[in-house]
Structures are given as structure tokens and as C-alpha cells.
2 protein chains.
Amino acid sequence: MASPPSIATGNETYSPRQNAVLESALGLLVEGGERALTTAGVARAANCSKESLYKWFGDRDGLLAAMITFQSSKVKAAPAASGARGRAALAAQLAGIAVNLLKVLAGDVSLALNRLAIGQARRGEADLGLLLREHGRKPIETRLSALLEAGRRERLLDFADTREAYRTLYGLIVRDMHVRLLLGDSLDGEEPAKRAAQAIDEFFRLFGTEENTGPARERTGAGNERTG
Amino acid sequence: MASPPSIATGNETYSPRQNAVLESALGLLVEGGERALTTAGVARAANCSKESLYKWFGDRDGLLAAMITFQSSKVKAAPAASGARGRAALAAQLAGIAVNLLKVLAGDVSLALNRLAIGQARRGEADLGLLLREHGRKPIETRLSALLEAGRRERLLDFADTREAYRTLYGLIVRDMHVRLLLGDSLDGEEPAKRAAQAIDEFFRLFGTEENTGPARERTGAGNERTG
DNA sequence: AGTGCAGCGTACCGTACGGTACGGTTCCGG
DNA sequence: CCGGAACCGTACCGTACGGTACGCTGCACT
């Protein structure tokens, strides 16, 4: 509600030329961070004029917002939930989303964009952060929450508050990886698939129903086995 | 262009006058973000001259590094582990650290500093991020890990890899709160004590030994004597 | 062909910032 | 009382960046 009129709502789409420009800008951002993302630099990298940049995106902040919405629009590949039932199927679907989440969060572009939004966020005001949360986290939360509630309807999971359960699952999957990456740390040998499987397993141990937790007591149930 | 030898290792200490200046700089950063942290602005806010800033801290980056080490040196309040034994005592100690962690992470200065370091981190290079990880996370990890291993020695906990267990505990405590805060979100009604108690409870359900997991089954009690 | 529009490239402007230099003041040791 | 060191306040410099203006080219439409 507080968004000034110039802020993008994220629903807009851009011409192919503009997409190419945004792609160049993202590359520039990934490469050199925010301070490499000058209007002159973007114009040079994209072979366009600064005047066009300002015509298309208003000002520099508009360009940044457009970069976020553009990037998030590219990731919009949501496979429809399969109708499979049962604990194994649910675990597999959860693990799939978890792997996807981990890979997205660790991606160069995502990290650069998050750094950008975080870097310019202040006390109360955080225009880009809002955009990023809306476009980046909301979809994941929606998908995971839907899956969790489906699992609850099947009596495979037992939890009271969906949002709370989702957050715990998120914590188990991501832990401190995201912030560490944002701070410049490199994830040493963290295998996304392994991490995801372990997180899902732990989540089931916490929120699985008794009759379904039983057979999984021997921690190996979740398909993927830890090698260590 | 690589870091000049002036980069702080973190062990240095500053004169009272310099501490006051750093305090002013932190206030400025908290208030207006990185772009409010100009050398002229710091000098004005601290009633010192720019020349002194450059003499004391080398350049702007040196000032930023000094701010981080200074702030971390202030938080160095580590209560010695009490010798109490048993599951309840361990849980209480873990919860205490967890609450402390949550409060620190959500603090204005911590958030501002993390935003600063993240905002200027790039692909490989992340001078400030390294400093922040070294001074901010390492101590917490050390304390928590020591506690976890003590619990394992007492046969209260069962885990193979301490670092893995620590990370899972961290994920259960913090979840996505940190990144959300960094992005400008406000934690709605997340009560640190409540969150910490729940995380510790969940952690025990995952890694507590069988004989000790039993009594905790009634998940509401969980020994939060802190009435948070 | 003529006309208008979109866009490229470049030049330009104002400002803000990092960093340096300098004069004036306070304080301390001798 | 003297000399110097530390330091404040301010002025100054060069540069870089956001934003604007302008001239030119190519294309679409009639």
C-alpha cells in the first residue's frame, strides 16, 4: 500500500529488447556487484542508450525493480503436483521442491539480487526487499504449504499451524546456508539433494503422524541414503 | 587494489575517542544505511575531522572494518557454562544461548552491519563478510557446539557430526527470520523465548537419546522457566 | 519518396563523495 | 614560556555517477 506509484507491481512484462537489456544488467550485477551497476555501464553492456533506459524504467531504482521482476519471471516453472499418494510420494515431492529451493538460493543471480536488495534496505523502508520477498519467497511458501496441507489431509503429517510448519521445514532445509552465501562464504561440499533428503527426513520425524513415523524410525526411509 | 595491509585482523583496540567515533558511525549506519555513512557525515556526527578519520582508520573500508570489530568486541559477554547436569539444565542453557542469538540477530546494529557486509560482498571477494562471520558467528558456534558435545558426553544427545548438529539447531532456531529481517521485513510477533524453547524442544526430539526423549513428549511444558 | 518514431551514441550538467591540505586551537612535556 | 603533537573545522580537488539534451541512423507506414 505504501508503494509509490512508480514502483513495479511485478505483473508487467517487457519487450524482447528490454529483456535483453535486463539480462545484461543482471550479468553486470552478478559480475561486479551493485557498484558495477551504473546506468552508463548497463547502457554500454547492452548496447543501448542511457536515454532509452530512463524511458523504459524511469530511473535507476525502476531498473533495479525491473531486474527483480524479470528474473523472478524466468524462474516461474512450477510443475503441477502429481496426484500420487502416500508418504514416499509426499517426501519425494517435498524433496524435489527443497532441492529446487537450495539451487535457486545458491544461484549467482539470486545471490546478487538478494545482496542488492539487502544492501539498500534500511530500518523501515525496503522497497526492493518487499519485491524480492513477494516474488522469490511467496511462491515457494505457497507450493510447500499446499503440499504440507495435502499431507495433513492424508493423515501423513500432523501440525497445527501451516505457516509454522513451513517455517520449520524451511529452517531444516536452508539452515544458515543462505546468509553464509550472502556474506561471501562458499558452500564447501553441501550437496543439495543430500541436504534436502535429510531435511525432509528430519521434518517427518518431527511432524509425521505416529503410524507413519513408525516405519521411518530407521532413519533410512526417505529414499536417499546418507553416505557418511 | 587488493586489501592493503591496513585491514584489521580484529584484535586491535581503539582509544576512547576512537570508540566514540565508531559509536557515532554505527548510529549513522543504523539510521540511514550505507549511503548515509559518508566520511563527512561521520566526521560531522562525531565532531571530529575527516583528517583524523583517515589517520585512525586508513580509509573508508578501514573504518567499516573497525566498526565491525568494535561492535563485536562489545557483545563479548559470554557467561561461563554452569556445571549443572541433566536434560533440563542442558535445555535451559541451550535455550539461553538461542534467545541471545535471536536477540542479537534481530538487533538494529547487527542488521545494519550485516546489510553493509552483504551489500558490498561480491562473487569471490568479501572482506567484510569474512570479518563478520569470524566475529559474529564463530563465537556462537563455539559455544553451542561445546554445549552439544557436553550433552553427548552425558548421553543426553546422540549425533555423529557436531557441525552438522549445530547447523540443524541453528536452522531450527533462526529459520528464515534473519534473511527476512535483512530484507526489511518485520518479525510480526515472534517471541524470542518462545521460539527458542520450541527450537530446543524440536532439537531434542531429533537428537535426544531415546530414554531422554520420552519425558519431553508433552511438548508444551518443555521447561521454559523464563516465562517469555 | 516522405514522414515520424524508436533508439543509439555521445556530450553535457550538477552533485556528492572519497581523500588531501591547511590554518587555528588545545594540551602536554620540558 | 616554548615547541610540538594531536586534533578540529573547513576549504579544496578530482572523479564518478545519475539524469538530461541533442544529433544521427534505420525502420515502418502511407
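A backbone N or O atom of B:Ser49 lies 3.3 Å from a phosphate oxygen of DNA strand D; a polar contact is a pair of N or O atoms within 3.5 Å, and within protein one must be able to donate a hydrogen and the other to accept it, with residues adjacent in sequence counting only if both atoms are side-chain atoms. This is a predicted model, where local features need pLDDT of at least 70, side-chain atom pairs count only at pLDDT 80 or more, and totals for chains, interfaces and linings use all residues. Residues are numbered from 1 along each chain as its sequence is written, chains are lettered from A and ligands numbered from 1 in the order in which they are written, and side-chain values use heavy atoms, leaving out hydrogens and water.

**Around DNA strand D**
- DNA strand D is surrounded by 14 residues, and the closest include A:Thr39 and B:Ser52; a residue is near a strand if one of its heavy atoms lies within 4 Å of it.
- The side chain of B:Ser52 has an N or O atom 2.8 Å from a phosphate oxygen of DNA strand D.
- B:Arg17 places a polar side-chain atom 3.0 Å from a phosphate oxygen of DNA strand D.

**Around DNA strand C**
- There are 14 residues surrounding DNA strand C, with A:Arg17 and B:Lys50 among the closest.
- Of the atoms of DNA strand C that come within 4 Å of the protein, 55% belong to sugar and phosphate.
- A polar side-chain atom of A:Arg17 is 2.7 Å from a phosphate oxygen of DNA strand C.
- For B:Tyr54, a polar side-chain atom lies 3.3 Å from a phosphate oxygen of DNA strand C.
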